[in-house]
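I am opening my notebook on this structure. The entries below follow the order in which I looked things up.

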Amino acid sequence: MSYKGKFRVWRGDSEGGELKDYEVEVNEGEVVLDVIHRLQATQTPDMAVRWNCKAGKCGSCSAEINGMPKLMCMCRMNTFAEDEVVTVTPMRTFPVIRDLVTDVSFNYQKAREVPAFKPPADLKPGEYRMQQVDVERSQEFRKCIECFLCQDTCHVIRDHEENKESFSGPRFLMRVAELDMHPLDAADRQHAAQEQHGLGFCNITKCCTEVCPEHIKITDNALIPMKERVVDRKYDPLVWLGNKIRRRPA
Amino acid sequence: MTELERHSYDVVVIGAGGAGLRAAIEAREQGKKTAIICKSLFGKAHTVMAEGGCAAAMGNANSNDNWQVHYRDTMRGGKFLNNWRMAELHAQEAPDRVWELETYGALFDRTPDGRISQRNFGGHTYPRLAHVGDRTGLELIRTLQQKIVSLQQEDFEATGDYEANLKVYAECTITELMKDGDAISGAFGYWRESGRFILFDAPAVVLATGGVGKSFKVTSNSWEYTGDGHALAMRAGATLINMEFIQFHPTGMVWPPSVKGILVTESVRGDGGVLKNSEGKRFMFEYVPDVFRAQYAETEDEADRWYKDPDNNRRPPELLPRDEVARAINSEVKAGRGTPHGGVFLDVSSRLPAEEITRRLPSMHHQFKELADVDITAEPMEVGPTCHYVMGGVEVDPDTASSVVPGLFAAGEVAGGMHGSNRLGGNSLSDLLVFGRRAGMGAATYVDQLQERPKIDDADVDAAAADALAPFELEGGENPYTIHQELQQSMNDLVGIIRKEEEMEQALGRLSEFRSRIAKMTVEGHRQFNPGWHLALDLRNMLTVSECVAGAALMRQESRGGHTRDDFPTMDPEWRKKLLVCALDADGVVNVTEEQQIPMREDLLELFEVDELKKYLTDEELPAK
Ligand SMILES: Cc1cc2nc3c(=O)[nH]c(=O)nc-3n(C[C@H](O)[C@H](O)[C@H](O)COP(=O)(O)OP(=O)(O)OC[C@H]3O[C@@H](n4cnc5c(N)ncnc54)[C@H](O)[C@@H]3O)c2cc1C
Ligand code: SF4
Ligand code: SF4
Ligand code: FES
């Protein structure tokens, strides 16, 4: 059941680095992260890697496996042939700290630029009433585990450092959409999506949706509806007004 | 003197899980300059993994629910060993803490009339767990994280600096607490990224570091759970209680080997899933203990009717408290009625329609599909016990969360007392909110009352730095990964779910061998993001905590909750009155001593029938009537 797998892992830091080859034991049922851990325990005790839950719930172990942005803990070894070389590299869009660990602070900055949920002034804690159907849209986006794989993938910033300033990336555009669709949020979000978070940069290629490990339909359910709302609003302020009026709870 | 960066705060919170974030929100709202420190990235703490829900007697699903019922359930679940004042505060305040989350932006699942939906869980009389599918922990942590961000946005408006009053130091590990005489004066640690040292000068420290599960081989816990807070508290002179009580969750994955221990949420059973042995029998009916006989169904028919009509039927025995279910599974497997991979079957596929399963249990469906090639809508899961939660922790004052060390507070899994000998599912998330807030308040009040700010002694800083670098000094020693694996194996085998005197003595012997091996281990490479070094430092904490668990377990000669003795199989009311307290002596050796419990307040005692109390209390303790 167990075999010697061929791994090629990027080792290095902000100064530079290289792909290194390893031969390492692989057992039945294992995922890429198991094999990286075995490397640490037996050959490379200082190999840097982030992880926490090992169950696809925390979004820590993001990397690129044979060039595909993935969670290492959810990438099973039986998806590769035994003689296939498995190449593991850090996420490319973010600066490398060491080995597979990147500096993802960009994302935390962008998170801080999205104004927080604005609670309705007239309701006290315990008085919130919302229908399941109305919360479901935002709930889909709240499944996000902040793995930042969508951010890593999006071509607007992947090889365009210069766009990082004005583009928040799919994760945080989706956060704006989430708040916009929250049945009780009292703030105006659509203006900001376009002006401050760079919604206009997105040309709906759906690459972000494809890599999302939570299978959130980022483009179809968050980005496109936001774009539609922004357009509506630009041409017809009544549409926007109407939206807000209808969205107040009974 | 050691070269390091230095920061000054009113309150330093160690831990960014539910307890730490709630504590920090409170301290900041009380006007205190607050730092949050965590080993992982912000938003990745263990709380993110919680699945089932957060218990609070809001009465949305069943209007008969109230804090008294929740209090009774909690005390029963903990076999009356709980700190009753903590259980009381918890039951009373949990609803407000959950509602407050909605004002921060949380979106829980809803009832038909638009309120927060509540689900059934083991040991809870009524549906009580606020939830979002099976990803409640993610909702909780993200909500608190976003509340922190919103406070930072307020500070930005006011000062132009997001981090003026509340800052998160992520991927930063605290290795030592600083003291001035008896009182806390700060915390010392290192940045994981650079390995450089960092010092926090602060009169109040809140420990919210979570649990200890990484000392065991089969566990649902992540690498962060190395008992740092438990060990830091002891080294600072604080005491731990209830360390013998470890919760083995009955349903962890058993196959494939690499995911052994990963949790299968109790909601599977709460929503109708049943446990069967290899003969196809629902074996839990055989394992209802006397103390719970009156509340649990005796036949499959009655148990099945309960899901539809809970007021007129008794609960299915699959929903007994976790310690009971875990022991039952253990016995079935030992008796040869286990599954091919050494567990039992947990079946929801024959109980609910496929679309219902994927709607209610989406992440379980995903987890089994991706990791085990099992479709839970079509076939049963294989499950077995996994080390999940430590009931034991820092001994605290219930109202303020203060430890015996002035300036040191603790909340969440690192605190002890609230759950007694066994925690009910869902009672942790609510515990984090209730006592996280109280710890933040306690720390703020303490700082207000201080006459003089305690100082940090440079010599202590130098000593902490030398300790942290020690593993680099030696050459040719053992690798920390090997020692860690052996430590986990020993704890699993010798101080696991069923315990015996000889085995625990053997464990203590091994632990003292590990102590000398750890002193001599070697770390390769340099200080920049070096997981080998990080593990080496964590190992010392795991060792101290393991010594507490084994020492206390050896002493407690009875079986109760998360402590089962093969040689003392029954519960003993005399032991209920006693807490086992762990402290370090002058030489750094773990000492376990007995302490008397404070008797339960009269009005709380009256919430129970005398017949029930008789099962737990000694005759003298019963109310005089
Ligand atoms: C898989 C799983 C499912 C669960 N499901 C439920 C559920 O449905 N309902 C429920 O009520 N409970 C559940 N629990 C239990 C509950 O999730 C935990 O008990 C709870 O989240 C612990 O929260 P905490 O705030 O105490 O600590 P954590 O969330 O674990 O946070 C600990 C923090 O401390 C930091 N830290 C630790 N040591 C240091 C150090 N030395 N220096 C700096 N920082 C440090 C960590 O980085 C982390 O940020 C579950 C647990 C697991 C494992
Ligand atoms: S759909 Fe938009 S956000 Fe997503 S990857 Fe394409 S351009 Fe980027
Ligand atoms: S939206 Fe999906 S891919 Fe993007 S950060 Fe969240 S979970 Fe990851
Ligand atoms: S380790 Fe948590 S998602 Fe992979």
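I began with B:Asp460, which I found in helix α12 of chain B. Helices here are DSSP runs of H or I with at least four residues, strands are runs of E with at least two, and both are numbered from the N terminus. This is a predicted model, where local features need pLDDT of at least 70, side-chain atom pairs count only at pLDDT 80 or more, and totals for chains, interfaces and linings use all residues. Residues are numbered from 1 along each chain as its sequence is written, chains are lettered from A and ligands numbered from 1 in the order in which they are written, and side-chain values use heavy atoms, without hydrogens and water.

I checked the cover of B:Asp460 next. It is partly exposed, because its relative accessible area is 33%. The cut-offs are under 20% for buried and over 50% for exposed, with partly exposed in between (1.4 Å probe, protein chains only).

B:Asp460 also belongs to a negative surface patch, together with B:Asp180, B:Asp457, B:Asp458 and B:Asp462. Patch residues have over 30% relative accessible area and no salt bridge; like charges are joined within 9 Å, and nonpolar side chains (Val, Leu, Ile, Met, Phe, Trp, Tyr) within 5 Å. Asp and Glu count as negative, Lys and Arg as positive; His and the chain ends are not counted. Helix α12, residues 458-473 of chain B, gives the patch its largest share, three residues.

**Entry: UniProt records**

I looked up the annotations for chain B. An unreviewed UniProt entry places "domain: FAD-dependent oxidoreductase 2 FAD-binding" at residues 10-429. Such annotations may be inferred rather than shown by experiment. I noted 29% helix and 19% strand over residues 10-429 of chain B, with the end C-alpha atoms 26 Å apart.

Which residue carries the annotation "active site"? The unreviewed UniProt entry gives B:Arg322. I located B:Arg322 in helix α8, residues 322-334 of chain B. B:Arg322 is buried, since its relative accessible area is 6%.

**Entry: salt bridges**

Side chains of opposite charge can pair when their charged atoms come close. The rule for a salt bridge is a side-chain nitrogen of Lys or Arg within 4 Å of a carboxyl oxygen of Asp or Glu. I got 83 salt bridges over all chains.

I picked out A:Arg76 and B:Asp373, whose side chains meet in a salt bridge at 3.2 Å, N to O. A:Arg76 sits in the loop between β4 (68-71) and β5 (85-89) of chain A, and B:Asp373 in the loop between α10 (362-372) and β16 (381-390) of chain B, so this pair joins two chains. A:Arg76 is buried at 8% relative accessible area, whereas B:Asp373 is exposed at 54%.

Then I turned to B:Asp271 and B:Arg360, a salt bridge with its closest N and O atoms 3.5 Å apart. This pair links distant parts of the chain, 89 residues apart: B:Asp271 is in the loop between α6 (267-270) and β14 (274-276), and B:Arg360 is in helix α9 (residues 354-360). B:Asp271 is buried at 9%; B:Arg360 is partly exposed at 25%.

I also noted a network of salt bridges in chain B; among its members are B:Arg85, B:Glu88, B:Arg437 and B:Asp603.

**Entry: chain A**

I closed with chain A. It has ten helices and seven strands. Its C-alpha trace spans about 65 × 40 × 30 Å along the principal axes. Of its 250 residues, 58% count as buried.

Terms used
Areas by Shrake-Rupley, 256 points an atom, 1.4 Å probe, with all protein chains shown as cover. Charge placed at Lys NZ, Arg CZ, Asp CG, Glu CD.
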